[in-house]
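Please keep the viewer open while you read.

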Amino acid sequence: MQSLAMIENWPVPTAAAAVVRADGVMAGSHGPLAHRFPLASVTKPLAAYAALIAYEEGAVELDEPAGPEGSTVRHLLAHTSGLAYDEHRVTAEPGARRIYSNAGFEALADHIAKATDIPFDRYLHQAVFEPLGMTATALEGSAARDGVSTVADLARFAAEVQSPRLLDPHTVLTAMTVAYPGLDGLLPGYGRQRPNDWGLGFEIRDAKSPHWTGGSSSPRTFGHFGQSGTFLWIDPDAGAACVALTDRAFGPWAIDAWPPFTDAVLAELRAATA
């Protein structure tokens, strides 16, 4: 795909990108696919997928208590537990506000580790990375932000989410459906969004503006971006997902570069099926 070559113009030392169709076929790639990048918050969808596997295995229930008093596994996944952004400190009642929370995902990982009697990094490896062949991917600390991976590995994950083998498709549909609709909140780097819609571990685009995806991205687009200059989006209407990893911290360069890149990718995908 010619559109992927746009990453050569990004002001970053290293970048790689790939597009994966819903049938699991890689539609195109550019850059060093085997280069390992820090994922930052793109770690969260991987951790969420492991949590959903724990749910399907019967180790946890989505509505069982987890995190601060009154909070559940579902609240933690949807950033509505009331925990602060980066502190294990309660700032709101569960379900009352959308507070993007690294602490919430750390509490989620701790809860699953206790429920399964397996350290979360090992559970994530056994439940997600190993069966998908993500041999270059690891969790090296916090379940909120300390994943390391490659474009090749995240392409495998993107294929899984679009055509699930590890989870029931209905569970994935729940993850990409708005949880606790109508809640406002801050989208890091983009300010307050009204509403700030999230599923379970995945941010949902809806009508958010400004946003890190493209102007032509469908409202059903879901995914995540990371402060290390990384993103993964899945657009069900386009029947494709896109992964882009860099080694420059998120900032104005990404706000400027990512939306036109996504629009170019989507335009090329539409032209290919016209």
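A residue is called buried when its relative accessible area is under 20%, exposed when that area is over 50%, and partly exposed in between, using a 1.4 Å probe and protein chains only. By that rule, tryptophan 253 is buried, and so is tryptophan 258.

Before going further, please note that this is a predicted model, in which local features need pLDDT of at least 70, side-chain atom pairs count only at pLDDT 80 or more, and totals for chains, interfaces and linings use all residues. Residues are numbered from 1 along each chain as its sequence is written, and side-chain values use heavy atoms, with hydrogens and water left out.

**Aromatic rings**

Rings of Phe, Tyr and Trp (its six-membered ring) pair if their centres lie within 6.5 Å; planes under 30 degrees apart count as stacked, over 60 as edge-to-face and the rest as tilted. The structure holds 16 aromatic pairs. One of them joins tryptophan 212 to phenylalanine 225, a tilted pair with 5.8 Å from centre to centre and 55 degrees between the planes. This pair links distant parts of the chain, 13 residues apart: tryptophan 212 belongs to the loop between strand S8 (203-204) and strand S9 (222-226), while phenylalanine 225 is in strand S9. Here helices (H or I, at least four residues) and strands (E, at least two) are DSSP runs, numbered from the N terminus. Both partners, tryptophan 212 and phenylalanine 225, are buried.

Why is the pair of tryptophan 253 and tryptophan 258 edge-to-face? Their planes stand at 85 degrees, with the ring centres 5.9 Å apart, so the pair falls in that class.

**Helix H1 and its partners**

Next come the helix contacts. Axes are lines fitted to C-alpha atoms, for helices over the stretch in contact, and angles run from 0 to 180 degrees between N-to-C directions. The axes of helix H1 (residues 43-56) and helix H4 (residues 120-132) come within 9 Å and cross at roughly 80 degrees. H1 and H4 are therefore roughly perpendicular to each other; angles under 35 degrees count as roughly parallel, over 145 as roughly antiparallel, 65 to 115 as roughly perpendicular and the rest as oblique.

Contact means heavy atoms within 4.5 Å. On the H1 side, the contact is made by Leu46, Ala47, Tyr49, Ala50, Ile53 and Ala54, and on the H4 side by Phe120, Tyr123, Leu124, Ala127, Val128 and Phe129. By class, this contact of H1 with H4 has 12 nonpolar, no polar and no charged residues. In this scheme Ala, Val, Leu, Ile, Met, Phe, Trp, Tyr, Cys and Pro count as nonpolar, Asp, Glu, Lys and Arg as charged, and the others, Gly among them, as polar.

H1 also meets helix H3 (residues 102-116), where the axes come within 11 Å and cross at roughly 35 degrees. Lys44, Ala47, Ala48, Ala51 and Ala54 of H1 touch Asn102, Phe105, Leu108 and Ile112 of H3. The residues of the contact of H1 with H3 divide into seven nonpolar, one polar and one charged.

**A buried glycine**

Where is glycine 82 found? It is in the loop between helix H2 (73-77) and H3. Glycine 82 has a relative accessible area of 2%, so it counts as buried. Not counting residues up to four places away in sequence, glycine 82 touches Arg89, Val90, Thr91, Ala92 and Ile99. Glycine 82 and alanine 96 are 14 residues apart in sequence, and their C-alpha atoms are 7.6 Å apart in space.

**Backbone details**

Two residues have a positive phi although neither is a glycine:

| Residue | Phi | Relative accessibility |
|---|---|---|
| Tyrosine 180 | about 55 degrees | 23%, partly exposed |
| Aspartate 206 | about 50 degrees | 24%, partly exposed |

Tyrosine 180 is found in the loop between helix H6 (169-175) and strand S6 (185-187), and aspartate 206 lies in the loop between S8 and S9.

There are cis peptide bonds to look at as well. One joins arginine 194 and proline 195, with omega about 0 degrees, and proline 195 is in the loop between strand S7 (191-193) and S8. The peptide bond from serine 209 to proline 210 is cis, with omega near 0 degrees, and proline 210 lies in the loop between S8 and S9.
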